[in-house]
Amino acid sequence: MLQNGSWRDQEFKSYNFNALGLPPSGGYLHPLLKVRSQFRKIFVAMGFEEMMTNAYVENSFWNFDALFQPQQHPARDAHDTFFLTKPAVTPADRLPQDYLQRVKAIHEKGGFGSIGYGYSWKVAEAEKNLLRTHTTAVSSRMLYKLAQEGFKPAKYFSIDRVFRNEAVDRTHLAEFHQIEGVVCDKGLTLRDLIGTLKMFFDRLGLKKLRFKPAYNPYTEPSMEIFSYSDELGKWMEVGNSGMFRPEMLRPMGLPEDVSVIAWGLSLERPTMILYGIDNIRDLFGHKVAIDIDCAKDGLKKLSHNIERKHSSWTAFSRSTFGVAVRPNRSNSATKRHLVCRIANTSEASTSVSASPPTYGPTQKGLPQSQVWELDFCSRPLLDERGKKRWELLICSPDREFEYSAYFPNNKINSTQLKAALFNLLQQAGAEKPRRCRFFRGQMQTIISRSLTDLDIAPVPSRRCFTLISWLQERLENLYKKDPGYSDKAASLFTLDLQSPQELPDNLRGEQWNFVQLPLSALQEELNQVKQREVFGDTFDLETAGAAGLPPDALIPGVAVFSKRAVPLAAWTSGFELAALVADTDRACVILETGVNQRWRYGSYRRNPETNAEARQWEDAKKLVKGLHFLALQKDEEAEQCAGVWLLQDREPPSI
């Protein structure tokens, strides 16, 4: 038209410069933001108030300690949490001091029906800054604020980013989003929690729910939430829930009749299911496709898409409340078992082996001893995700029975430990022990609960000589030769000795002396203990690393004289004796029992001569591998002791 000039003979419509054009088709919300906004609408419709979650940096007190999470918990390990180097700490004087002291007391001594964790709580640990590992840290601040301003019923929710020191793969990132709901009111029960969960998940299109008991550090009871998929014909995990423990709520100042229910799940997992994404890096980060279908409808189709194509996905994180939707897989070829098949009892023990360890359970002999020694702790071994492996070790004092099994670090609780012990005792010919010793006070709650549920008496004790020797063997012959060995993986073990307490009156004698006995004479006295003719306890010298001592080696001891020697010995046998220590600063002998308990056992008049004698007695112990003894008898002329205990000062294990 322009070339031939025909435009000159045509009529054209006037151009309207005020007309609106067609709207552009770009500018959709990112899938995560879209699904997040729809979750937010559900909470708001249920009457929840959103919490302020804009502070990614948190300190350990609010993230862990206020939640009654012990300072030795694996989640507080540098392999699981991002700690800040600058600023590394939040000074304790910026924390509410009265609340801090109540939290310290509940950790150390318990209260409100709890025995606490029985360790020395350190302010320095609570001051450490970190990238928050869960939004429950925000919940703890909100609940404390609610208690201080005067309690009133409240419903809170949060949806925001949290951070974990995770190895990045198709289902894990170092950061993700956690959805959390919290209800605080008087008289709430488990029925209220279940009812609220049914209402919440019904709005997601998940109408068939069931609940399974679980373990969370700061909720009791706790439940995993499962939903049934009609398309797959099976149940899958969709969240985690529980009621906050009194040990968390009461130090805040909340009234005793106030309860708090809470639940949580991840944001990424349902979004991935909805958009058909099987690699989390394609949803979150620089690999997100520019043509992703952001216009897709939100949660209304979620229940129809769950697990359609992704039944092999695993959980995103080790979150307590922020549990991702995880299938309850029935395929035995792919299912991860915590309690694996017991190895054939004829197989050799792995306690001394030059090859790297396998990660299945191993066993030598049958559990038939009346006493076990048990350890359940992390090892200096990193798995494929860079997380420390945990291990369960059990043996009899004579090592005729040995058992070992590895655990992933996100399955460390009394439920899993109890299941492992239960399966072990189901073997033909197995006998349940009466008592089980363990030396890690930091694991006392988990171990004691598991053993008590199986009617086995838990005994915190430093007399686990066989187990400690076995651990040292495994360190040299197994762990250090494993490709995942890391000498930077710090041990959880610390021996936090308590301040000495006054000895109960029924354990006091009238007189005591520092004494010495040749090893041969002491062994004659201990033979009566083995034959149960007198009270006391002994152990194998070879196991304690003292087999090479000559018969005439002088073993230092403390002799206690009392007219009530027999009842005194009977009462003393109720303690798990660990060691005797001459304390020249306090001018007394201290009796150490259990793992970290200490008692003022006997005092002396302080002067240069008595202090010198106490120091000589301590030096004498060092000459005989730390061996010493406690003897109770009627008087110095008595021909027989009423009780004899062989003791040993021994360095704690290096792992």
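A residue counts as buried under 20% relative accessible area, as exposed over 50%, and as partly exposed in between. The structure described here is a predicted model.

**Salt bridges**

Side chains of opposite charge can pair when their charged atoms come close. Over the whole structure, the search finds 31 salt bridges.

| Glu502 | Arg600 | 3.6 Å |

The Glu502 and Arg600 side chains meet in a salt bridge. Glu502 sits in strand β17 (residues 501–502) and Arg600 in strand β23 (residues 597–603), so this pair ties together parts that are 98 residues apart in sequence. Glu502 has a relative accessible area of 52% and is therefore exposed, whereas Arg600, at 26%, is partly exposed.

Lys621 is buried, with a relative accessible area of 1%, while Asp649 is partly exposed at 28%.

Salt bridges also join residues into a network, whose members are Asp375, Arg379, Glu391, Arg440 and Arg474.

**Aromatic pairs**

A pair of aromatic rings is described by the distance of the centres and the angle of the planes. The count for this model comes to 26 aromatic pairs. In one of them, the rings of Phe43 and Phe48 have centres 5.4 Å apart and planes at 70°; an angle over 60 degrees counts as edge-to-face, so the pair is classed that way. Phe43 and Phe48 are both buried.

Phe43 also pairs with Trp263, in a stacked arrangement with 6.2 Å from centre to centre and 25° between the planes. Phe43 lies in helix α1 (residues 31–45) and Trp263 in strand β9 (residues 258–266), so the contact ties together parts that are 220 residues apart in sequence. Phe43 has a relative accessibility of 0%, and Trp263 is also buried at 0%. These residues belong to a cluster linked by ring pairs, made up of Phe39, Phe43, Phe48, Phe157, Phe200, Phe201 and Trp263.

A charged side chain also meets a ring: Lys128 lies over the face of Phe83, at 5.8 Å from the ring centre.

**Helix α5**

Helix α5 (residues 136–148) has 13 residues; at 1.5 Å a residue it should span 18 Å, which agrees with the 18 Å between its end C-alpha atoms. The helix is mostly covered, with 10 of its 13 residues buried. Among them are Thr136, Val138, Met142, Leu143 and Tyr144. Gly150, which follows α5, has a positive phi near 100°.

**Nonpolar surface patch**

Met1, Leu2, Trp7 and Phe12 make a nonpolar surface patch of about 510 Å². Met1 is located in the segment before α1 and is exposed, at 51% relative accessibility.

Note on methods: Residues are numbered from 1 along each chain as its sequence is written. This is a predicted model: local features need pLDDT of at least 70, side-chain atom pairs count only at pLDDT 80 or more; totals for chains, interfaces and linings use all residues. Side-chain values use heavy atoms; hydrogens and water are left out. Helices (H or I, at least four residues) and strands (E, at least two) are DSSP runs, numbered from the N terminus. The expected span of a helix is 1.5 Å times one less than its number of residues. Buried means under 20% relative accessible area, exposed over 50%, partly exposed in between (1.4 Å probe, protein chains only). Rings of Phe, Tyr and Trp (its six-membered ring) pair if their centres lie within 6.5 Å; planes under 30 degrees apart count as stacked, over 60 as edge-to-face and the rest as tilted. A charge sits over a ring if NZ of Lys or CZ of Arg is within 6 Å of the ring centre and within 35 degrees of the ring normal. Patches are made of residues with over 30% relative accessible area and no salt bridge: like charges are joined within 9 Å, nonpolar side chains (Val, Leu, Ile, Met, Phe, Trp, Tyr) within 5 Å. Accessible areas come from the Shrake-Rupley method with a 1.4 Å probe; for residues, only the protein chains shown count as cover. A salt bridge is a side-chain nitrogen of Lys or Arg within 4 Å of a carboxyl oxygen of Asp or Glu.
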